[in-house]
Amino acid sequence: MDGLHSWWEYVVGHGDDVLEATLEHAQITVVVVILATVFSVALGVCVQSRPTSKAIALAIASIFLTIPALALFALFIPLVGPGDNPAMMALFLYAILPILRNTVTGLDEVSPAVVESARGMGMSSAQRLWRVRLPLAWPLIMTGVRISTLLTVGIAAIAILVGGGGLGTFIQGGLTRLGLPNSVESVWVGTVFTVLLGLALDVVLSLVQRLTSSRGLRA
């Protein structure tokens, strides 16, 4: 209980800094996920009906996830310098796979009979995509977006190592001063608020998914 009380006192005493870091962390995450969603859905639509292109796109996106985060962050520093930019570029690459895979899977699972019915109604290819295929695949696409968001929130905590901001500043600051007063509290602030931010964004996206999905597709 003493540890919890000490932690809470640290949060209250650094409330403005915690709020600023949380908002910066959220901004990085939201921008990255929006860009990754637009890119991944567009790519998924383009490659879904082309087996070779689909396999290549998924393989490349999978490779990005095998690269250690700090190494990938550092690769972009010579291009854009230190700060949030190299971290966001790396996070963008990490966020692609879950959305791309779920977009392709969602489109694959749309019943050919439904698509043929839409064709029989006189819908063009674009109309079938926007009014039939994507709406039916949307719940699965949103699941990929939620996974990418949680992934991005977690990895963004080490953006501080390439000069970025966010809640990682508390983790690094605490580890740097480990053994000194409030060092452990600082690490826990960064950790706990990163988790809370991830949960909050997931709840928001869950609500968005429910509101934007057809009534018959809602879980």
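From the N terminus on, the elements of the protein chain run α-α-α-α-α-α-α-α-α-α, and the secondary structure comes to 10 helices and 0 strands, where helices (H or I, at least four residues) and strands (E, at least two) are DSSP runs numbered from the N terminus. What we are looking at is a predicted model, in which local features need pLDDT of at least 70 and side-chain atom pairs count only at pLDDT 80 or more, while totals for chains, interfaces and linings use all residues. Residues are numbered from 1 along each chain as its sequence is written, and side-chain values use heavy atoms, with hydrogens and water left out.

Let me begin with the overall picture. Along its principal axes the C-alpha trace of the protein chain spans about 70 × 40 × 20 Å. Of the 219 residues in the chain, 43% are buried, and here buried means under 20% relative accessible area, exposed means over 50%, and partly exposed is what lies in between, with a 1.4 Å probe and protein chains only.

Which residues have the most contacts inside the largest nonpolar core? They are Phe73, Leu91 and Leu100, in a core of 37 residues, and by a nonpolar core I mean a set of buried Ala, Val, Leu, Ile, Met, Phe, Trp, Tyr and Cys residues joined through side-chain atoms within 4.5 Å. The elements that give two or more residues to this core are α2, α3 (51–66), α4 (69–75), α6 and α8 (125–155), and α6 gives the most, with 13 residues. Leu91 is itself found in helix α6, and it counts as buried because its relative accessibility is 0%. Leu91 and Thr29 are 62 residues apart in sequence, yet their C-alpha atoms are 8.4 Å apart in space.

The axes of helix α2 (residues 15–47) and helix α6 (residues 84–108) come within 7 Å and cross at roughly 40°, the axes being lines fitted to C-alpha atoms, for helices over the stretch in contact, with angles from 0 to 180 degrees between N-to-C directions. The two helices are therefore oblique to each other, since angles under 35 degrees count as roughly parallel, over 145 as roughly antiparallel, 65 to 115 as roughly perpendicular, and the rest as oblique. By class, the contact of α2 with α6 has 19 nonpolar, 4 polar and 2 charged residues, with Ala, Val, Leu, Ile, Met, Phe, Trp, Tyr, Cys and Pro counted as nonpolar, Asp, Glu, Lys and Arg as charged, and the others, Gly among them, as polar.

How do α7 and α8 run relative to each other, roughly parallel or roughly antiparallel? The axes of helix α7 (residues 112–120) and α8 come within 10 Å and cross at roughly 160°, which makes α7 roughly antiparallel to α8. Arg131 lies in helix α8, and with a relative accessible area of 57% this residue is exposed. Between Arg131 and Ala118 there are 9.1 Å, C-alpha to C-alpha, and the two are 13 residues apart in sequence.

Trp7 has its place in helix α1 (residues 2–13), and Trp7 counts as buried because its relative accessibility is 14%. Ser53 is found in helix α3 and, at 31% relative accessibility, counts as partly exposed; its C-alpha atom is separated by 9.9 Å from that of Leu43, 10 residues apart along the chain.

In helix α9 (residues 168–176), Gly168, Phe170 and Gly174 are buried. Why do these three count as being on the same side of α9? They cover an arc of only 160° around the axis, which puts them on the same side, the arc being that of the directions from the helix axis to the C-beta atoms. Asn182 lies in the loop between α9 and α10 (183–212), and it has a positive phi of about 70° although it is not a glycine. At 36% relative accessibility, Asn182 counts as partly exposed.
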